[in-house]
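I set out to record, entry by entry, what I looked up in this structure. The entries begin with one chain as a whole and then turn to its parts and to the second chain.

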Amino acid sequence: MVRVKKAKYLIIGNSAGGIGAAEAIRQADKAGTVVMISAEPYPAYSRPLISEYLAHRYPLEKILYRPADFYDKNGIQAILGRKVTQLDTGEHTASLEDGKRMAWEKLLLATGGLPILPQIKGIERSGVFAFVTLDDARAIDRHLYGGVERAVIIGGGLIGMSVAEALVKRGVKVTIVEMKERVLNTILDQEASALVEQRLEQVGVKVLTGRTVAEIGSHSGGAVTHIVTDDGATLPCELVIMAIGVQPRTQLASGAGIRINRGILVDHRMATSCPDVYACGDVAEAYDFVYGENRLTPILPNAYLGGRVAGFNMAGVTTEYPGGTAMNSLKYFGLAIVSAGMADPPADYEVVSEKHGPAYKKVVLKDGLVKGMVFAGDIEKSGIVFGLMKDKINVNGFKQALAADDFGLISLSEEIWRAYLEAPSSPSAPSAASSSVMGG
Amino acid sequence: MRKIYIKEQACIGCHLCEVYCRVEHSQSKDPIKAFKKESPQPLARLSVEERKPVSFSIRCQHCDEPSCVYACLTGALQKDARTGTVTVDEERCTGCWTCILVCPFGAIRRDVQQGRIAKCDLCAGRDVPACVANCPNEALVYVQNKAGLER
């Protein structure tokens, strides 16, 4: 009979979402047992920084998401390098791959995403990697020492860009194959994609758009030596990165009968369809405040915030997730671009934009509300627009100013900036300045 | 915690808060050297916004619910549980600018030269931040809460 241990809070996953929950739980409950289990053997590291690791800019110690003493200091038992194989939500237990079982009172599924690996002929060959985990980065690193001159990256999204940058720094000649007509097509508009493509060209990265890879080939005993595109062209390469994207890692949840759409469906408290079970991060389909519905937004900030909200609710402090949306700050090859919400809106949306030399600002509007934004170059005041979008503030009175060169807090209506800065107009004025507008 | 509040009706847009902030965060603490000689160039961690006749300076508000801390990709940004100050560990900041995208005040600046952010630290080590202490028109105040703010 296996020994059953009991955790008041069991967190499966040890990345941003799990950490966010653990920190919130400890804020609300100093004593309850917290156990974190992760299939990865490392203390929490910053997943976006695996490209810096691969580029040899930072070693592991420098990409840790929290200090090394995080678990000890917070009284958290971390079980790292072990998989959970099954959940019993009725009994409130989790089974581990080593046969042990753990009982829990509240459970968080922060299991993240798995790389999407399409059925391309030859995908099993050696020299083909995903780029999602630190182990992926380590495996690619080892492979590079075997002598890699040329790499093909399949997918021109966020993962593809970040691995391209790392590989260029390692002296590899890179070609990106993107199925759609432009890179970063899900998060940028045409203009910003063009800026990125221009920059890629400057650093010697080739981009093939509107193409897919039909076959990953080998002339030498299973190790990749070339790829063949759908139009029959052959590109020699010693390394292939599958960078199409991630999909929610829902296996545990589906086995336990938890409601799943594309990801695990959660409500405003990050609770799943199953009592006492919560989910957050890349595995969850949570509220998107731009679209007004549940969507996948697999980015770190949303994972952390969702985890934080889940953690408070698990500890009995009722807290609502304000929602997240797609939002990214890109800095590939030194070019600063931020985007959020609908960067490339349908035709019936209004667009306010201004060019400032090579830089530009674009804000997408609908019925006076901000629904999307792209700032390229000068990004320092972009957060103000993001805040207006998040807080659903009507911007009709000053919308032209949003994309202006000198845009700032003072460009908003006086009523709004006074509320933001808690600066009422006269001593007799009621301090209606609601800091809740800002969450500040 | 004490916060810096603006009294915009007293602000004359002289930008001295920027000057003193920059000097305070320089190596030499000397205005001439800070502006002309130092490398890396120290940055002001606040900025003056103007739309005549109104002007005021903007810096990190050290929010109770700091979006920047939650969004930080590396863990460099933290809210100090004891003091309430939002701090940045400069060693761990990689300059990804995600915090800039979520700061509703537009209060975080890019230190491009050093590849990291520059933000108000309330002048760690000083009782009263340099911008407040040196504002010639007392358009900035550093008080416990806004109830103590005479306008």
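**Entry 1. Chain A as a whole.** Among contacts between residues at least 6 apart in sequence, 61% join residues at least 24 apart. I note here that this is a predicted model. For secondary structure I counted 10 helices and 25 strands in chain A. I then checked the radius of gyration of chain A, which is 23 Å; the globule rule gives 22 Å for 440 residues, so chain A is as compact as a globular protein of that length. The C-alpha trace of chain A spans about 80 × 65 × 35 Å along its principal axes. I also noted that 48% of the 440 residues in chain A are buried.

**Entry 2. Helix 9 of chain A.** How many residues of helix 9 of chain A are buried? I found that nine of the nine residues of this helix (residues 382-390) are buried, so helix 9 is largely enclosed by the rest of the structure. A residue is counted as buried here if 20 or more other C-beta atoms lie within 10 Å of its own. The buried residues of helix 9 include A:Ser382, A:Ile384, A:Phe386 and A:Leu388, and the list also holds A:Lys390.

I next asked what covers the buried residues of helix 9 of chain A. From chain A, the cover includes strand 21 (327-330), strand 22 (337-341), strand 24 (359-366) and strand 25 (369-376). Helix 4 (98-102) of chain B is also part of the cover.

**Entry 3. A parallel sheet in chain A.** I traced an open sheet of five strands in chain A, with the order 8-15-9-10-11 and parallel pairing. Strand 8 (128-130) and strand 11 (206-209) of chain A are the edge strands, and each pairs on one side only. Neighbouring strands of this sheet are turned by 20° against each other on average, direction ignored.

Within the sheet I examined strand 9 (residues 150-154) and strand 10 (residues 173-178) of chain A, which pair in the parallel sense over five bridges. A:Arg150 stands opposite A:Lys173 in strand 10 of chain A. Helix 5 (residues 158-169) of chain A packs on the sheet and touches strand 9, strand 10 and strand 15 (239-242) of chain A. The direction of helix 5 makes about 165° with that of strand 10 of chain A.

**Entry 4. Chain B.** I then turned to chain B, which has five helices and eight strands. From the N terminus on, its elements run β-α-α-β-β-α-β-β-α-β-β-α-β. The radius of gyration of chain B is 15 Å, which agrees with the value near 15 Å for a compact globule of 151 residues. The C-alpha trace of chain B spans about 40 × 40 × 30 Å along its principal axes. Buried residues make up 46% of the 151 residues in chain B. Among contacts in chain B between residues at least 6 apart in sequence, I recorded 56% that join residues at least 24 apart.

**Entry 5. Domains of chain B.** Where do the domains of chain B lie? Domain 1 takes 1-59 + 128-142, and domain 2 takes 62-119. The contact between them takes eight residues from domain 1 of chain B and 12 residues from domain 2 of chain B. On the side of domain 1 that touches domain 2, I found four nonpolar, one polar and three charged residues. The centres of the two domains of chain B, taken over C-alpha atoms, are separated by 19 Å.

Methods: Residues numbered from 1 in each chain as written. Chains lettered and ligands numbered in written order. Predicted model: local features only at pLDDT ≥ 70, side-chain atom pairs only at ≥ 80, totals over all residues. Helix = DSSP H or I, 4+ residues; strand = E, 2+ residues; numbered from the N terminus. Rg over C-alpha atoms; globule rule 2.2 N^0.38 Å. Buried ≥ 20, exposed ≤ 12 C-beta atoms within 10 Å, placed from the backbone. Contact = placed C-beta atoms within 7 Å. Domains from an automatic or database assignment. Nonpolar A, V, L, I, M, F, W, Y, C, P; charged D, E, K, R; others polar. Pairing = 2+ DSSP bridges. Axes fitted to C-alpha atoms, helices over the stretch in contact; angles between N-to-C directions.
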